[in-house]
Amino acid sequence: MNNLELEAIAYLRTPSAIREKCDRLFNLACEDKLRYFRVDLTQLDKAANYVIEVIRQQYPDFNIPFHSRWRHFEVGEIPRLAELDKILAQLTPIDKAKVKFDLAIISVLLDAGAGANWEYYEQETGQIYRRSEGLAVASFRMFCQGIFSSNPDFPFQADAEALSQLQLQTLATGLQANQNNQLVGLEGRLELLQKLGKVLRQNTVLFGNENPRPGNLAQYLHDGKYSGMMTIKASEVLNAVLTGMGEIWPGRYTISGVNLGDVWLHPALQRQNLSDGYVPFHKLSQWLTYSLLEPLQELGLEVIALDELTGLPEYRNGGFCLDIELLQAKDRRIFLESHLPGSEIIVEWRALTVNLLDKIAELIRKKLNLTTAELPLVKILQGGTWTAGRKIATELRAGGVPPIQIESDGTVF
């Protein structure tokens with residue numbers, strides 16, 4: 001691999017590349033030069049006010065946690081995490097962090113859209129959950145049952161051996177997926193976990209040698225801080241995630257055989273240099289990164305530069321931008337069909353969403369007279385735009401389905 005290829009790969013893994021490419025498509029949209037969408041910034045004030053109202057309803061004291069998988073584990077106000085902490089009470093802080101990394105990584109990789117028809121019945125509480133919260137609770141219960149561990153004496157881990165040998169029926173049973181309770185992209189989810197098992201063995205620097213597991217990434221990130229340096233950039237965590245797990249994503253573009261992950265081509269971007277035509281998003285990887293920050297904080301690391309990461313271009317945030325009319329489709333027929341994640345329509349939609357989330361966040365801070373440090377993007381997403389996307393979808397469409405339908409393989413949205 002030559003230097004230009006190495007530089008292109010490294011660049012496409014950075015949050016700055018996400019923003020730069022999305023900004024380019026946004027500028028084209030403002031000039032009405034994109035094929036499928038136009039932007040109406042006169043709706044920005046309405047959008048910010050809508051999100052502020054949602055934040056006030058959810059967090060009247062504005063004490064907003066990070067937008068992460070940990071919120072979903074507490075759905076229904078059930079103290080599942082307190083239950084886990086009690087079980088792990090005798091472990092050292094670093095071993096607790098490893099368990100929480102294992103749980104968060106497995107749960108996020110299972111978190112792509114579940115579809116409108118799937119549901120999960122939690123035997124422990126008698127409650128039924130759907131969509132992202134349902135997948136969170138299901139993955140939490142499977143994790144505690146030792147589904148992802150090859151060590152019968154310690155079920156609270158995910159390791160290379162168990163993941164690489166995971167069977168479709170085992171995963172389906174754990175997720176309660178069957179003909180009468182269909183889960184979108186079940187095979188894609190299995191493939192992600194099996195591939196994760198494989199890459200854990202290949203990347204011993206990040207994931208350990210003796211018992212390779214995702215949680216060993218906590219040790220790597222913690223040990224990488226030299227004496228007295230107890231801060232870590234959010235982008236450092238993202239880089240470790242993308243470097244360590246890049247090879248698990250199926251059917252993606254590659255440069256010199258290196259899997260680029262959640263990176264797609266858009267024809268409006270001129271291709272002079274190797275990375276020019278690509279638009280990176282790294283949605284699940286950023287969602288995962290946001291979900292790893294709290295265990296690192298529990299280890300005593302201060303997470304800095306949070307706003308280097310971007311908003312998450314998925315169907316709730318993107319749906320909000322469409323439903324609030326910040327984004328407008330040039331041809332309404334796109335709402336009648338399903339679209340592949342790599343289609344020009346979906347790439348445009350996601351790129352414009354990234355840019356608009358920054359603009360919404362900036363205006364919210366201005367209206368509330370708060371700084372970026374006081375109200376970072378990760379809290380606005382939680383407070384926030386994701387919930388606003390679900391709320392407005394429910395107001396406009398039966399079942400709260402997103403405005404655009406995606407042919408999901410269980411690995412992107």
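**Exercise 1. Enclosed space**

Task: State how many cavities of 30 Å³ or more this predicted model holds, and describe what lines the largest cavity.

Solution. 
1. The count in this predicted model comes to four cavities of 30 Å³ or more.
2. The largest cavity holds about 180 Å³ of space.
3. Its lining consists of 18 residues, and D111, S132, K283, E314 and W386 are the closest to the centre.
4. Two or more lining residues come from each of α7, α14 (283-298), α15 (315-323) and α17. The most come from α7, which gives three residues.
5. Sorted by class, the lining of the largest cavity has eight nonpolar, four polar and six charged residues.

**Exercise 2. The second largest cavity**

Task: Find which residues line the second largest cavity and which element gives the largest share of that lining.

Solution. 
1. The space in the second largest cavity is about 60 Å³.
2. Its lining is made up of L242, W249, R252, G261, D262, H282, K283, L284, S285, T411 and V412.
3. Helix α14 supplies the largest share, three residues.
4. The classes divide into four nonpolar, four polar and three charged residues.
5. K283 is listed in this lining, and K283 is also among the residues closest to the centre of the largest cavity.

**Exercise 3. The largest pocket**

Task: Give the volume of the largest pocket and identify the residues nearest its centre.

Solution. 
1. The volume of the largest pocket is about 370 Å³.
2. Of the 20 residues that line the largest pocket, H72, V75, E133, W386 and R390 lie nearest its centre.
3. The elements giving two or more residues to this lining are α4 (69-72), β3 (127-130), α7 (131-144) and α17 (377-396).
4. With five residues, α17 gives the most.
5. By class, the lining of the largest pocket has five nonpolar, nine polar and six charged residues.

**Exercise 4. Helix α10**

Task: Compare the span of helix α10 with the expected value, then list its buried residues and what they pack against.

Solution. 
1. Helix α10 covers residues 186-202, 17 residues in total.
2. From first C-alpha to last, α10 reaches 25 Å, which is close to the 24 Å expected at 1.5 Å a residue.
3. With buried meaning under 20% relative accessible area, the buried residues of α10 are L186, G188, R189, L190, L192, L193, L196, G197, V199 and L200.
4. These buried residues pack against α6 (93-109), α7, α8 (160-164), α9 (168-174), α11 (204-207) and α13 (234-245).

Technical notes. Residues numbered from 1 in each chain as written. Predicted model: local features only at pLDDT ≥ 70, side-chain atom pairs only at ≥ 80, totals over all residues. Heavy atoms only, no water. 1 Å grid on protein atoms, 1.4 Å probe; cavity = no way out; pocket = protein on both sides within 12 Å on 5 of 7 lines; lining within 4 Å. Points joined across faces, edges and corners; volume = space filled by probe spheres on them. Helix = DSSP H or I, 4+ residues; strand = E, 2+ residues; numbered from the N terminus. Nonpolar A, V, L, I, M, F, W, Y, C, P; charged D, E, K, R; others polar. Expected span 1.5 Å × (residues − 1). Buried < 20%, exposed > 50% of the residue type's maximum accessible area, 1.4 Å probe, protein only. Contact = heavy atoms within 4.5 Å.
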